[in-house]
Amino acid sequence: MKSKIVLETATRACGILLVLCAALAAAQQTDVLRQYRFEQADGGYRLTLHEIPMPAPGAGEVVVRVRAVSLNRRDIYMLDDQYGAPGTAAGSVPLSDGAGEVIAVGPGVSRFAVGDRVAGIFFEKWIDGAPGEGWHASARGGSPGGMLSEVIVSSEQSLVGIPAHLTYEEAATLPCAGVTAWVSLFKRGRLQPGEWVLLEGTGGVSVFGLIFAHAAGARPIITSSSDEKLARAIDLGAVGTVNYRKNPDWQKEVRAITGGAGVSQVLEVGGRDTLPKALEALAPGGHIALIGGLTGFVTEMPVGPLMWANATASGIYVGSRADFEAMNAFIGEHGIRPLVDKVFDFEQAAEAFAAMDAGEFMGKIVIRL
Ligand SMILES: NC(=O)c1ccc[n+]([C@@H]2O[C@H](COP(=O)([O-])OP(=O)(O)OC[C@H]3O[C@@H](n4cnc5c(N)ncnc54)[C@H](OP(=O)(O)O)[C@@H]3O)[C@@H](O)[C@H]2O)c1
């Protein structure tokens, strides 16, 4: 590994001397790096560590030295083989979200140069506008494009630059949870200052929703099973908090906090058990972003409460590269920092998954590489 570090340092230092960089990149091909893969075990998967040679970029591709990755609930579903058709993730690289540094560029690359700080987009083939052909299958994680790898090769089109004020660990939290919350609130919900926003629980999407809503001058209300997490949420800008474990009719408390008016926006991550209650908390003309299934995914949409409230529901599945870039501009403008609650080393990847599975965190769990 020592030779790799020396070569990487040299690669960074060479700046715009692309010819020299290309020579160094070629030399790096003899080097060995590590990546995790899902291996089938006990009806689900376990993480196994593999050695891979330093890849070379093809035309339009870049090599990224991954510096940090983050976990989403989807990664736990995948580990349990509960995501997509059974067995589809076998042999693939886990995790959709990661950030790192460009260490080599292939012919024709124009968006990035060696040394640039980048993050992978969630759908490698969803660039802008409505999703096109092949977008669904291009989701990173549980695929060859997964981020739990010391290096990845990516199309330059499937990366974005990261906000300058963020560390790699912070930037690694953005691609799935960040973009999902941003699209839900601003693109689909058209959030306005002063609006009441309901966030369910203190996981990745909800805490991004809290931070973004606060930055936009809205009034976030957040629920949690933990009073300690609710106290931390107030520090992040929550103006109302409800413990949903102590108060099973939490929707009534949410409505009471709004003075009876109801919330204008909901990031609905709970699914089966929370959707009916969230609809009870929704104000007339409000917007509910249908995102998740923490209590089980909803199979039938209750149309009546939506019609009676003259409300709008949006199905959300992360977003495009353009959405990611718009979110990054917002993050830069407001100096926003994601909440990174726990950081694990690369060798502790299995522990990071276990912490996520146990709910022992608020906001995001990160692995540094
Ligand atoms: N459609 C999309 O584009 C998209 C994108 C991202 C995520 N998702 C989905 O959205 C959901 C959330 O994802 P995530 O990654 O943000 O999850 P996460 O970080 O794992 O969130 C975990 C937290 O959810 C909270 N929670 C659990 N059960 C709850 C309940 N009954 N009511 C309220 N909160 C509850 C808990 O908060 P407390 O500890 O505070 O109680 C828990 O710590 C998942 O189902 C995921 O698959 C969908």
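Author: Start with a definition: Ala, Val, Leu, Ile, Met, Phe, Trp, Tyr, Cys and Pro count as nonpolar, Asp, Glu, Lys and Arg as charged, and the others, Gly among them, as polar. By that rule the shell around the ligand divides into 10 nonpolar, 16 polar and five charged residues. This is a predicted model, where local features need pLDDT of at least 70, side-chain atom pairs count only at pLDDT 80 or more, and totals for chains, interfaces and linings use all residues. Residues are numbered from 1 along each chain as its sequence is written.

Reader: Which residues come nearest to the ligand?

Author: G201, G203, S224, S225 and G292 do, out of 31 residues around the ligand. A residue is near a molecule if its C-beta atom, placed from the backbone, lies within 6 Å of it.

Reader: Which helices and strands each supply at least two residues of that shell?

Author: Helix 3 (73-79), helix 5 (174-188), helix 6 (204-215) and strand 9 (219-224). Helix 5 gives the largest share, three residues. Helices (H or I, at least four residues) and strands (E, at least two) are DSSP runs, numbered from the N terminus.

Reader: Why is the ligand shell said to lie between the domains?

Author: Domain 1 (2-173 + 338-368) and domain 2 (177-315) both give residues to the shell around the ligand, so it lies between them. The domain bounds come from an automatic or database domain assignment.

Reader: How many residues of each domain are in contact with the other?

Author: Nine residues of domain 1 are in contact with 12 residues of domain 2. Contact means that two C-beta atoms, placed from the backbone, lie within 7 Å. The side of domain 1 that touches domain 2 has four nonpolar, three polar and two charged residues. The C-alpha centres of the two domains lie 31 Å apart.

Reader: Why is G203 called buried?

Author: A residue is buried if 20 or more other C-beta atoms lie within 10 Å of its own, exposed if 12 or fewer, and partly exposed in between, with C-beta atoms placed from the backbone. G203 has 24 C-beta neighbours inside 10 Å, so G203 counts as buried. G203 lies in the loop between strand 8 (196-199) and helix 6. Not counting residues up to four places away in sequence, G203 touches R73 and V269.

Reader: What makes the phi of L95 stand out?

Author: Phi of L95 is near 80°, a positive value in a residue other than glycine. Most residues other than glycine have a negative phi. L95 is in the loop between helix 3 and strand 4 (97-105). L95 counts as buried because it has 30 C-beta neighbours inside 10 Å.

Reader: Is R190 buried or exposed, and why?

Author: R190 counts as exposed because it has 12 C-beta neighbours inside 10 Å. R190 has a positive phi too, of about 50°, although it is not a glycine. The loop between helix 5 and strand 8 holds R190.

Reader: What makes a set of residues a nonpolar core?

Author: The members are buried Ala, Val, Leu, Ile, Met, Phe, Trp, Tyr and Cys residues, joined through C-beta atoms within 7 Å. The largest nonpolar core has 101 residues, and V69, A119, V179, L198 and V263 touch the most other members. Helix 5 gives this core its largest share, eight residues. Domain 1 and domain 2 each supply at least three residues to the core. In soluble globular proteins, nonpolar side chains tend to be buried together.

Reader: Which residues is A119 in contact with?

Author: Leaving aside neighbours within four places in sequence, the contacts of A119 include G98, A99, L159 and V160. A99 is in strand 4. A99 counts as buried because it has 30 C-beta neighbours inside 10 Å.

Reader: Why is the chain called as compact as a globular protein of its length?

Author: The chain has 12 helices and 15 strands. Its radius of gyration is 21 Å, close to the 21 Å that the globule rule gives for 369 residues, so the chain is as compact as a globular protein of that length. The radius is taken over C-alpha atoms, and the rule is 2.2 Å times the number of residues to the power 0.38. Buried residues make up 47% of the 369 residues.
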